[in-house]
Structures are given as structure tokens and as C-alpha cells.
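Please look through the model shown below, with attention to its aromatic rings, its strands and the spaces between its atoms.

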Amino acid sequence: MCLILFAWQVHREYPLIVAANRDEFFARPTQAAHFWPDAPQLLAGRDLNAGGTWMGVTRQGRFAAITNYRDMRREHASTHSRGQRVADFLRSTESPKEWLRQDADVGARYNGYNLLLGDSRELWWSSNIDTTPRQLTPGVYGLSNHLLDSPWPKVGAGKTAMARALERLPEIQPLFDPLFDLLHDTQTYPDASLPDTGIGLEWERLLSSAFIATPIYGTRSSTVLLMQRDLGLLFDEQIWLPAAQRGDQRGLRTRFCCKTLHP
């Protein structure tokens with residue numbers, strides 16, 4: 001997943017609001033979001049290569065998402081999929097703080113990543129590049145393929161768009177439209193404002209937009225999640241096909257209450 005925009009404890013009705021794009025090669029086999037048969041409490045898409053996920057929630061209100069830290073100069077061969085970090089937390093029962101404490105040495109087994117994890121009470125950011133976990137205070141945040149709130153153009157633009165979208169919730173209907181709109185931003189940025197992550201200038205240009213559309217690589221799914229004050233969750237996912245062709249919405253405009261085990 002290459003862009004996560006989120007608001008924590010900012011909106012009066014929705015303590016957590018997440019709008020996220022997952023970017024990946026279209027050849028990589030993937031399942032859309034569903035309740036996993038081997039973990040029925042877990043709602044997430046699934047990477048069929050390695051079995052992990054990029055973003056998910058549970059019926060108990062646990063949330064996690066991950067992005068790769070993009071620096072090809074420090075990538076190394078690894079047999080561990082970073083998406084397993086999300087699945088491991090969502091399957092666990094420890095508090096976010098305790099899970100991070102027990103898991104402190106595990107990050108070295110993976111290439112660079114950023115991990116968001118939390119529940120209805122707390123939200124944390126952790127990275128194996130900057131190894132000090134941070135409990136997040138109320139605010140609007142952006143996370144792409146560098147560290148939290150790194151000043152990449154699409155992160156700054158996305159945070160501004162997220163703040164504006166919050167002003168329109170919940171009055172505007174359909175509820176998720178302003179959040180999906182900001183995820184579909186195809187604006188690219190001047191070369192001088194782009195990072196150098198070791199992939200070459202042509203790819204830096206292509207990847208500079210929030211929504212990426214090429215025939216072989218691009219935004220595979222856009223996901224919006226809203227956690228309500230009563231611990232209800234609203235979750236929706238839009239699938240994207242090569243060259244920005246719209247796929248299924250997957251019927252996941254799903255609401256369920258974290259206090260029960262019933263979707």
C-alpha cells in the first residue's frame with residue numbers, strides 16, 4: 001500500500017477515518033477484502049503470494065495497515081513478507097503498545113516498512129527504519145513510502161484534501177464519496193519536488209500521484225474505513241484494473257459492531 005491518509009480523534013462522530021490506496025503490480029495475485037475463513041474475525045484483502053495483507057480490521061475494532069519504505073539502495077533479499085506484520089497484529093489480542101514491545105526485534109527480518117496499528121483507544125506508528133514507535137495524538141496524518149508525514153507532494157496534498165473532506169462528513173451522501181474522490185487524484189508533480197528513492201526519475205514521476213495508472217503497475221484498490229463513536233465500523237473498497245479501469249466495488253459497504261461477533 002502506497003498512500004494512507006487518516007484522521008485520528010479529529011471528527012466528532014468518527015474517531016478514526018482512513019482513506020488508502022494500495023499500489024502493486026497487477027500480475028501479483030490478490031483477493032479483495034473479505035472475512036478470512038482461517039481468521040473469521042478479520043476483514044482484509046489478501047496477498048495470495050505470501051498470505052498477508054496491506055490493511056485490515058477485526059470485529060473487535062483492531063486496525064492495522066502497512067506501507068513499504070521505498071529505498072532500492074537498502075533493499076535486501078528477504079523471505080519475509082511485510083504484509084504478515086498486519087495479519088500478525090490483527091490475529092493477536094495484546095494492546096498495540098504491548099504488541100510492539102514484545103515484537104521489538106522482529107522488524108529486522110524485513111525490508112523497510114511503516115506500520116500503523118491500533119484499536120478504539122489508541123493508535124501507533126512504527127517503522128523498522130526509525131525504530132522508535134510513536135503513539136499518535138489527535139490529528140490528520142499522511143503516510144506513503146517514506147516515514148510518517150514525510151513532505152512528499154502527494155502526502156501534503158492528500159492531508160489537505162482529507163481535512164477538507166472531514167468538514168463534509170457526515171452531511172454529504174453517499175458518505176464515502178469525498179474520501180474516494182481524494183484517493184483518485186492523478187496529479188503528478190515537478191521533478192524538483194520528487195524524492196530520490198533509487199528507482200529513476202521516470203518512475204519517480206509515475207509514482208508521484210496519489211492514484212497511479214499504468215498497464216502493469218498501479219493502484220489496485222482504494223479503501224475507506226470509518227470507525228464510529230459507538231464502535232461501529234464502516235468499510236468500503238473499490239477494486240481497480242490495469243490502466244485505471246474500474247473493477248468491482250465488491251459489495252463491501254459493510255457495517256458491523258465491534259462489540260459483537262456479527263457483521
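**Rings, strands and spaces**

Phe25, Trp203 and Tyr217 are linked into a cluster by ring pairs, where rings of Phe, Tyr and Trp (its six-membered ring) pair if their centres lie within 6.5 Å, and where planes under 30 degrees apart count as stacked, over 60 as edge-to-face and the rest as tilted. The model is a predicted one, in which local features need pLDDT of at least 70 and side-chain atom pairs count only at pLDDT 80 or more, whereas totals for chains, interfaces and linings use all residues. Residues are numbered from 1 along each chain as its sequence is written, and side-chain values use heavy atoms, with hydrogens and water left out.

The structure holds seven aromatic pairs. In one of them, phenylalanine 6 and tyrosine 141 have ring centres 5.2 Å apart and planes at 15°, so the pair is stacked. Phenylalanine 6 belongs to strand E1 (residues 3-8) and tyrosine 141 to strand E10 (residues 139-143), so the pair ties together parts that are 135 residues apart in sequence; helices (H or I, at least four residues) and strands (E, at least two) are DSSP runs, numbered from the N terminus. Phenylalanine 6 is buried, with a relative accessible area of 1%, and tyrosine 141 is buried with 5%, given that buried means under 20% relative accessible area, exposed over 50% and partly exposed in between (1.4 Å probe, protein chains only).

The rings of phenylalanine 211 and tryptophan 240 have their centres 4.9 Å apart and their planes at 80°, so this pair is edge-to-face. The pair links distant parts of the chain, 29 residues apart, with phenylalanine 211 in the loop between helix H5 (201-206) and strand E11 (217-227) and tryptophan 240 in strand E12 (residues 232-241). Phenylalanine 211 is buried at a relative accessible area of 3%, and tryptophan 240 counts as buried at 6% relative accessibility.

Charges sit over rings as well, a term that requires NZ of Lys or CZ of Arg within 6 Å of the ring centre and within 35 degrees of the ring normal. Arginine 22 lies over the face of tryptophan 54, at 4.0 Å from the ring centre, while the charged end of arginine 59 sits over the ring of phenylalanine 35, 4.2 Å from its centre.

Turning to the strands, an open sheet of seven strands has the order E3-E4-E5-E6-E7-E8-E9, with antiparallel pairing, where two strands pair if DSSP finds at least two bridges between them. Strand E3 (30-36) and strand E9 (134-135) stand at the edges with a single partner strand each, so one side of each is left without a neighbour in the sheet. Within the sheet, E6 and strand E7 (residues 113-118) run antiparallel and are joined by six bridges; alanine 65 has leucine 116 in E7 as its bridge partner.

What volume does the largest pocket have? The volume is about 820 Å³, a pocket being, on a 1 Å grid over the protein atoms alone, an open set of points with protein on both sides within 12 Å along at least five of seven lines, while a cavity is a set of points where a 1.4 Å probe fits but cannot get out, and lining residues have an atom within 4 Å of a point. Grid points are joined across faces, edges and corners, and a volume is the space filled by probe spheres set on the points. Of the 30 residues that line the largest pocket, Glu24, Arg28, Asn68, Arg82 and Tyr217 are the closest to its centre.
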